[in-house]
Amino acid sequence: MQKRRFIPLLLAFLFAVAVQAQTEGGQQKEARTGTWSIYAQGGLSWAGGVWYPNVDAKQSYNQSPAVGGGIDYTIRPWVRVGAEYLWSRYRREQRMPSIDAATMPIKAYGNYLMNYHNAKLGVGFNFMEFWPSRKAQWFNVWLGTGVGYMMAKGNEYTLSFSNTITQNGVSKPVTGNVTIDNGSSATIQGNVKSTNEHSSFNKLYIPLSLHMEFDVTRRLTLGVKGEMDFVMNREDIAPKNLLFGLATVRYNFVASRAQKMQAYYDASIGDLNNRVNELQKQADAAHARAEKAETDLQRLAQEHAGLQRQLRDCE
């Protein structure tokens with residue numbers, strides 16, 4: 001009896017191992033159907049079309065850090081919706097290589113810094129689902145768009161100086177050659193001024209993103225992301241667009257592969273156990289019928305032998 005039970009169980013285990021590769025694709029699809037996920041992201045950002053131009057600026061002012069995160073709900077393997085937050089900044093610097101004294105005051109140095117917070121609602125479409133039967137189910141390319149709101153605050157620091165001359169009770173800026181008569185007195189005054197002006201704006205923007213993701217496990221996904229945000233109604237100080245290059249780490253709220261395979265094996269083994277028990281009952285019933293038939297056959301043989309003796313006695 002134990003030997004009869006062991007063989008079907010062994011066959012079930014071997015069968016489950018053999019079909020593991022075939023079921024992997026289905027498990028990946030199941031992990032991306034009606035599931036939640038959260039992610040963190042970080043990288044670099046660039047601002048385009050800023051009203052404040054760079055003049056002999058440091059190389060480090062060309063890009064800025066960007067960090068954030070978000071939450072997504074994957075409706076089907078080809079579409080998901082979510083919300084995202086992203087913080088970054090853009091900077092501009094003006095270090096004047098020469099000074100033009102034609103106008104006063106003369107700007108000698110300028111530094112512009114703007115911190116912004118982006119919050120958006122978006123939708124993504126999985127481009128790789130054009131090939132739903134592909135072998136590389138762990139690789140996906142998401143095309144995203146949506147609508148966002150940018151909240152930005154910053155300041156402009158300026159260092160300037162000016163020269164004025166007061167002659168015969170009249171003061172005017174020194175913008176060229178100065179002529180002083182011997183019969184008059186003049187006062188020349190130099191001033192250095194630093195200002196720090198604050199500014200802010202709130203704007204809507206339209207994001208476009210391309211996100212390549214690699215499923216390390218069912219729960220852990222790594223990715224690289226490129227995004228461009230187009231600012232609406234930018235007016236005076238808002239940038240024209242923002243560019244991002246980001247790395248992402250995503251956690252999917254799904255059962256682990258081990259838990260999923262354990263449930264699959266448990267269900268398969270349970271089904272096989274039920275089938276083995278049913279077949280064993282059928283075998284026991286057949287064995288009982290065979291024993292009864294053997295008993296009946298022996299009884300009939302004895303009766304036949306008795307009749308043969310009686311026939312010989314009669315003869």
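**Close-up 1. Strands E5 and E7 in a nonpolar surface patch.** Strand E5 (139-167) and strand E7 (186-215) each supply at least two residues of the nonpolar patch. The model shown here is predicted. The patch covers about 770 Å² and is made by Leu121, Val147, Tyr149, Met151, Leu204, Ile206, Leu208, Phe230 and Met232. Leucine 208 sits in strand E7. Its relative accessible area is 43%, so leucine 208 is partly exposed.

**Close-up 2. Strands E1, E2 and E3 run antiparallel in pairs.** Strand E1 (residues 35-48) is joined to strand E2 (residues 64-76) by eleven bridges. Here serine 37 stands opposite aspartate 72 in E2. Ten bridges then link E2 to strand E3 (residues 79-95). In this pair, isoleucine 71 faces alanine 83 in E3. A hairpin of two residues connects E2 to E3.

**Close-up 3. A salt bridge between glutamate 84 and lysine 120.** The two side chains meet at 3.6 Å, N to O. Glutamate 84 belongs to strand E3 and lysine 120 to strand E4 (residues 106-126), so the pair ties together parts 36 residues apart in sequence. Glutamate 84 is buried, at 9% relative accessible area. Lysine 120 also counts as buried, at 11%.

Close-up 4. Side chains of opposite charge can pair when their charged atoms come close. The count for the model is 14 salt bridges. Shared partners join Arg32, Glu129, Arg134 and Asp215 into one network of salt bridges. Glutamate 227 and lysine 225 are both buried.

Key:
Residues are numbered from 1 along each chain as its sequence is written. This is a predicted model: local features need pLDDT of at least 70, side-chain atom pairs count only at pLDDT 80 or more; totals for chains, interfaces and linings use all residues. Side-chain values use heavy atoms; hydrogens and water are left out. Two strands pair if DSSP finds at least two bridges between them. Helices (H or I, at least four residues) and strands (E, at least two) are DSSP runs, numbered from the N terminus. Patches are made of residues with over 30% relative accessible area and no salt bridge: like charges are joined within 9 Å, nonpolar side chains (Val, Leu, Ile, Met, Phe, Trp, Tyr) within 5 Å. Accessible areas come from the Shrake-Rupley method with a 1.4 Å probe; for residues, only the protein chains shown count as cover. A salt bridge is a side-chain nitrogen of Lys or Arg within 4 Å of a carboxyl oxygen of Asp or Glu. Buried means under 20% relative accessible area, exposed over 50%, partly exposed in between (1.4 Å probe, protein chains only).
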